[in-house]
Amino acid sequence: MSAERHAIVCTAAQQVFRTGILTGRSAFAPGLEAWTLPAARELLHRFVENYDGSADEFLVKLKRQISDASDEAVVLAAELLYVNLVPLNAGTVGPDRKFEIIETVLSWTPRRAAIPADLAEAASTGSIKGGQAFLNYRWAQFAFLIRVTVRLLESPAAERERLLGDPWAFRDLAREVFADHDGKYRARSQLHILLFLLFPDTYEPIASERHKQLIRDAFADRLAGPAGDVDRDLAEIRRRLEQESGRPVGFYAEPWRSKWHPPEQPRPQKGWLVRGANVKDVNVIPRWLEEGFCSVAWAEADEIAAGASREEIGAVVTTAYPDAVNESRSAHVRQLSRFLTEMQPGDLVATVDGDTVYVGKVTGDAFYDDTDGRDLARRRPVEWSTESPLSRRRLSEAAQARLRDRRTVVDLTRVMAELAAEAGLDDEVTDDVKIVDETQALVIPMLTEAFADDLLMPPDWLRETADLLVAKRQLILYGPPGTGKTFLAIRLAEELAGPERTDLVQFHPSYGYEDFVEGFRPRPAANGTIGFELVPGPFKRAVEAAEAEPGKPFVLVIDEINRADLAKVFGELYFLLEYRNREISLQYSPHDKFKLPENVFVIGTMNTVDRSVALVDAAMRRRFAFRALAPDRPPVDGLLRRWLTRENLPDAPARLLDEVNRRLADPDRAVGPSYLMTRQAAHRRGLERIWATEILPLLEDQLYGSGIDVEQEYGLAALLEALGIDLP
């Protein structure tokens, strides 16, 4: 079945790429010459030469760069992204996400273009695991495909025919344009997959360069002598193995996989930062790199066995530092425990020397060797990748924030996938690290026409609101009662994040920091007394859930956000709302670093009946985007009429609402349509109930002290008579 899927995706990719290069014709837009040198050069200039290094999601940056490009360039971009995405299995990029990406790009041109049915079917049956590079470096893969396309289209037609018929000549051309804008090679996986897509009889369906090397080394006995070219060696190995077995060979299937595949990690892999640039005023990192180890000092403490418990480490630390206060002593124990016990062979490790970051793999247990002095005595063997040191300034903001931690040993698991990929160690990263990688692209679904139709609201307004939320991370929907603020906040949150990643909390005057973030709660103790336990609030629980799935959005809806003392409720979180990648200490957890992940969004609702938006302090207003919901402006304007039409109900409730708001003549006091979006409003008895129990009490409260006779001015009977409406 895998061979069948491989054949389907290769045929589809060749139908788009090979046909496009040789004929110029688009596969998505019949009659359009999209595969032309001007279109390819336009993409090269807009996307590759004008590199966008911002932290925005790939599609957001791509839209800025090419949405106003020519039809040919936009369609070419969509077809190159198809070549990028079609071979990937659902574990890397699911079919829905593939189509969403491509269709989003096609929506930037008025030209009629769509993925043909056979090509769509092929994209649904992807068969290759792309690895972390396909999640983190789509921009690099796309840039590489653009460069390859430009180079091919610059060649005469006969030369293009030759290159697309010669797998080794094509590989030479692809390698010539392999390097990114800064000299890095982040598109390795794309190169390997493109070679397979175009020449499946020559190259393996393998995205990982490391896996190719492991397979070649494991079956080297089938070679008369290694050719020094891993692809040629694999072609010969496959030929020999198929002769031996008499059947097709799949290196990811048994009996071949177990002969080369690395053994599973005994426990989830982790990533670590170990500092060595200033060990008692000495930079020991050059020695680490040269001799293949990392170390921590604590020279005053005696030898501690690898794997020692915290109690055992604590006893040694207490003897070594008898005058240390408890907080300092506990910090020593935590740091040593990380290095000696929590760190394991197979983990990844990084260190920082000025702007340079080095990454390696821990290859053995901790050991003690004081031959070179006790400052270098506590060691772990490390296989450092020194050929591609990283520039800290070029890393993501999330990675830079983690690297700012000044402790000696720091858990870097959540950003280690990016560091390893940048250092050329992508193949050493296990799924345990990839799953929690907070630098991976955040996937936020686009709001659909069907969603807008269901809400009876303009799709452009809804999409702009979602864009504001994504850009600012915090949004407040404000307006008078009945405009659907809470309903819209919940529906929007569930559409963007899903019901299981949406939480709701309602603020009130007695709500505080301990309720929202974390606080101590009484709990029965074992001896019958009452103790206190630190309990996370809804905000901290949302953060913990988001950290477990960094590639998916989590939304916390705060209803009536202005009813609480916001400065008291948010406390030090004010800082994090603006500086997401910074870490702070919470007041009840001073020893633990806390940050607000990029995938946590907050939607608040606020009533304007008391003009409370102006009362929100400037610091909070600066951190939130505000979106008004008013009965006389979109998307609320006309909402009740649209609902009545959909429900096949008379328009009398809409006429009554318009008259009430006309008489009020105050947008902040206007009555929203949600009071009347019920089938009870279709007859007089139901309207009388709504007017008596909801609308009149609201107006009496708002107009208290004004001298207006609310019943006479706004009563149902008075309004029906004024409008000449006769209800059953």
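Q: Hi! Where does P635 lie?
A: P635 is in the loop between β16 and α29 (639-646). Helices (H or I, at least four residues) and strands (E, at least two) are DSSP runs, numbered from the N terminus.

Q: Before we go on, what kind of model is this?
A: It is a predicted model, where local features need pLDDT of at least 70 and side-chain atom pairs count only at pLDDT 80 or more, while totals for chains, interfaces and linings use all residues. Residues are numbered from 1 along each chain as its sequence is written, and side-chain values use heavy atoms, with hydrogens and water left out.

Q: Thanks. Back to P635: what joins P634 and P635?
A: A cis peptide bond, with omega about 5°.

Q: And which residue does a cis peptide bond join to E254?
A: That would be P255, and omega there is about 10°. You will find P255 in the loop between α13 and α14 (257-260).

Q: Let's look at the sheet. In what order do the five strands come?
A: The order is β9-β12-β15-β8-β16, in an open sheet with parallel pairing. Two strands count as paired if DSSP finds at least two bridges between them.

Q: Which strands stand at the edges?
A: β9 (502-506) and β16 (625-628) do; each has a single partner strand, so one side of each has no neighbour in the sheet. From one strand to the next, the twist averages 20°. Axes here are lines fitted to C-alpha atoms, for helices over the stretch in contact, and angles run from 0 to 180 degrees between N-to-C directions.

Q: How many bridges join β8 to β16?
A: Four, and the two strands run parallel; β8 covers residues 474-479. Within this pairing, I476 of the sequence stands opposite F626 in β16.

Q: Which helix packs on the sheet?
A: Helix α22 (residues 459-472) does, touching β8, β15 (600-607) and β16. The direction of α22 makes about 160° with that of β16. Contact means heavy atoms within 4.5 Å.

Q: New topic: charges. How many salt bridges are there?
A: The count comes to 52. A salt bridge is a side-chain nitrogen of Lys or Arg within 4 Å of a carboxyl oxygen of Asp or Glu. In general, side chains of opposite charge can pair when their charged atoms come close.

Q: Which residue forms a salt bridge with D233?
A: R216, with the closest N and O atoms 2.8 Å apart. This pair links distant parts of the chain: D233 sits in helix α13 (residues 230-245) and R216 in helix α12 (residues 209-218), 17 residues apart.

Q: Is D233 buried or exposed?
A: D233 is buried, with a relative accessible area of 2%. R216 is buried too, at 17%. Buried means under 20% relative accessible area, exposed over 50%, and partly exposed in between (1.4 Å probe, protein chains only).

Q: What about R287, which residue does its side chain meet in a salt bridge?
A: D372, at 2.5 Å from N to O. Here R287 is in helix α15 (residues 285-291) and D372 is in the loop between β5 (367-368) and β6 (378-391), 85 residues apart and in distant parts of the chain. R287 is partly exposed, with a relative accessible area of 28%, and D372 is also partly exposed, at 38%.

Q: Which residues are linked in a network of salt bridges?
A: R171, K212, D229, D231 and R232. Within that group, D229 forms a salt bridge with R232, the closest N and O atoms being 3.6 Å apart. D229 is buried at 12%, whereas R232 is partly exposed at 39%.

Q: Last one: which residues is E154 in contact with?
A: Leaving aside neighbours within four places in sequence, E154 touches L37 and R41. E154 is in the loop between α8 (138-153) and α9 (157-163) and is partly exposed at 40% relative accessibility.
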